[in-house]
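Hello, and thanks for asking me to look this over with you.

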Amino acid sequence: MARELILKEGEVDTRSIVSINRMSVRERLRAYRRKPLSFVMLILIILASAITFGAVLWILLYTFIQGFSNFSLDLFAWEHTSKNLSMMPALINTLVIAAISLAIAGVIGVFAAIFMVEYAKSTNIFVKIVRVAAETLAGIPSIVYGIFGMIFFVRLFGWGYTLLGGALTMSMMIMPLVMRTTEEALKAVPDSFREGSYALGAGKLRTIFVIILPAAMPGIISGIILGLGRVVGETMALVFTAGSTLDPAFPSGLMETGSTLTVYLYALIGEGNRHIGQAWAVAVVLILLTVLINGLAEYIGNKLKKEY
Amino acid sequence: MQTNTAVSAEKESNPVPKTKTLAAVKEIGMMAVFAAAALIFVAAVLMICIYLFARAIPGISEIGWVNFLFGADWALGMDLFGIGTLVVGTCYSTAGALIVGVPVGLLTATFMAFYCPKWLYKILKPLTNILAGIPSIVYGYFGLKVIVPIVRNAFGGAGFNLITASLVLGVMILPTVISITENSLRAVPKSYYEGSIALGATKERAIFRTVFPAAGSGVMTAIILGLGRAIGETAAITLLCGNVAHFPTSLTDPFVTLASGISSGMGYASGLRLEALIGCAAVLFIFVLIITVLVMLLKRKAK
């Protein structure tokens, strides 16, 4: 800030200021000769970054090249047959499971966050217990959710492998994510909003729904979209609750079994080397979907966020 | 609930006319709804605990606790339920993932926080986010089709071994380690770094001797969350571990983890075999609980 001010007034030659803090290459080399370990660390830092981003590009490019060379319109045919191996039904199943689990986890997560931020004091013992519970839920691996869903929905309720059971399991999984992002969004709404609303005679409920939630909406929506990304990318919890089948016909209802896109990929891989090309194509669609979803979440979270 | 008293106190100081009692009921009713939503989190954890352990404990008792926890033979088809090899496999593959992922992740985070020019950051940051978003089954398939053949050619054997799994898992935990480490490095006051530079330290020395120690608990959190992701990873490891339940004696040995043991034992899921799988899930759950507690303690320390 200070430097910009000086720049505008044009009183000081800015280059002289910069050169105080900037070492010449020769000075830097001399410093490194005195501390060779620092130079080694610099090399390691650059090497590690190259490995990280090399790995990302390798995975993306390899998958895209393999996938796009195996793309065909057949893969997106409306009806799945053992010949065209269309991923369309799996895509629809993914949307169905995502819609249900987001609706459930969205309501529970947002409401719980409202309670945590707007009503409860953070020293409250109940709040502490809820926080521990949310952290625990967030840490449980998907396979454990899968086993729980299988014990609970598949066996105890006697539903068998169903889209609904899968969606309910998924909603448990993404609840903590929605709650945490909503909490952050609510906390970012300045207190002056609340005070202004109360001063105008609005009740607490009215303040929450008319003032606070709209202000926090971009953050909340981006949290829900992140949850969508989790559902789209989840495999194991769904194999154990919604079932895995290589023949994802359109389910006639929520109480039918059905593979999502990830589970369909899992089933294709399970067939050994028969469907390598199709599997790469599904992998590409999955990567594109998750990139799109996460990008959207970030865009909404950043660009639509109002500065208060 | 203490919040109830807060609300009623508000009412007393601010007597409500009779026409507004409906509004007051609505206020309290909705607060109950919000509280109930928060309660669902607690209920969900309790239900998972209860149903998992209520099924696991009788099953394990029938198998025998020592037999189950330390037994070296795991073959569901032959009713052999010793998860010793699975636990060891889980520890090895998690350690392998950390050995690969943590140094690379910490150094990359350093690059992102201190070296990366702005234009490059705008490209690299989204790339790490993409890495975080790729579904684990896609990592698994990439590992299966690309890494397994490479490892097979380089080290011999089938290619389904600890090396392959560690490499893939290591890359999978990278985004977690990078983003949390980067955030905690950036949270350290700039004056620490500047003071160190002013005293004549090289940039690297300033970073690793002053900024890193100051960001210590954040870096630990990053590592432990990475560990948490590696320990429960299933879809990718099931495809890469080779699925042979024995104590791996070399890096090129196949192995089984708790999670991959559950997923590949799925076909046997009935009777005592199902109880054994639930037992595996319960053990994994306990591992993750320990990790969660560690993370919470670290966060408290950071405050």
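1. How many residues does helix α5 of chain B have, and how far does the helix reach from its first C-alpha to its last? Helix α5, residues 118–133 of chain B, has 16 residues and reaches 23 Å, close to the 22 Å expected at 1.5 Å a residue. Please keep in mind from the start that this is a predicted model.

2. Stay with this helix for a moment. Its buried residues are B:T128, B:L131 and B:G133. The cover over these buried residues includes parts of both chains: from chain A come α4 (36–69), α10 (204–233) and α13 (276–303), and from chain B comes α7 (162–187).

3. Now for the contact between the chains. Chain B gives 68 residues to this contact and chain A gives 66. On the chain B side, the largest share is the 19 residues from helix α2 (residues 21–63) of chain B. Sorted by class, the side of chain B that touches chain A has 50 nonpolar, 13 polar and five charged residues.

4. How confident is the predictor? The model scores ipTM 0.86 and pTM 0.87. Chain B averages a pLDDT of 87, and 93% of its residues score at least 70. One stretch to read with care is residues 1–12 of chain B, where pLDDT stays under 50. For that stretch the model has ten contacts beyond four places in sequence.

5. Next, the overall form of chain B. Its secondary structure comes to 13 helices and two strands. The C-alpha trace spans about 80 × 65 × 30 Å along its principal axes. Chain B has a radius of gyration of 25 Å, while a compact globule of 303 residues would have one near 19 Å. Of the 303 residues of chain B, 49% count as buried. Take the contacts in chain B between residues at least 6 apart in sequence: 73% of these join residues at least 24 apart.

6. Which domains does the assignment give for chain B? It gives domain 1 (2–63) and domain 2 (70–302). The C-alpha centres of these two domains of chain B lie 36 Å apart. Eight residues of domain 1 of chain B are in contact with nine residues of domain 2 of chain B. On the domain 1 side of that contact in chain B, five residues are nonpolar, one is polar and two are charged.

7. Chain A has 13 helices and zero strands, and along the sequence its pattern is α-α-α-α-α-α-α-α-α-α-α-α-α. Its radius of gyration is 26 Å, well over the 19 Å that the globule rule gives for 308 residues, so chain A is more spread out than a compact globule. The C-alpha atoms of chain A fill a box of roughly 75 × 60 × 35 Å along the principal axes. Of the 308 residues of chain A, 46% count as buried. For chain A, residues 24 or more positions apart account for 74% of the contacts with a separation of 6 or more.

8. Chain A is divided into domain 1 (2–69) and domain 2 (73–303). Their C-alpha centres lie 38 Å apart. The contact between these domains takes six residues from domain 1 of chain A and five residues from domain 2 of chain A. The side of domain 1 of chain A that touches domain 2 divides into three nonpolar, three polar and no charged residues.

9. Is A:L29 buried or exposed? This leucine is found in helix α3 (residues 25–34) of chain A. A:L29 counts as exposed because it has 11 C-beta neighbours inside 10 Å, and the cut-off for exposed is 12 or fewer.

10. Last, a backbone detail worth a look. Most residues other than glycine have a negative phi. The phi of B:N243, however, is near 60°, a positive value in a residue other than glycine. B:N243 lies in the loop between α11 (235–240) and α12 (258–264) of chain B. With 19 other C-beta atoms within 10 Å, B:N243 is partly exposed.

Notes: Residues numbered from 1 in each chain as written. Chains lettered and ligands numbered in written order. Predicted model: local features only at pLDDT ≥ 70, side-chain atom pairs only at ≥ 80, totals over all residues. Helix = DSSP H or I, 4+ residues; strand = E, 2+ residues; numbered from the N terminus. Expected span 1.5 Å × (residues − 1). Buried ≥ 20, exposed ≤ 12 C-beta atoms within 10 Å, placed from the backbone. Contact = placed C-beta atoms within 7 Å. Nonpolar A, V, L, I, M, F, W, Y, C, P; charged D, E, K, R; others polar. pLDDT = per-residue confidence, 0-100. Domains from an automatic or database assignment. Rg over C-alpha atoms; globule rule 2.2 N^0.38 Å.
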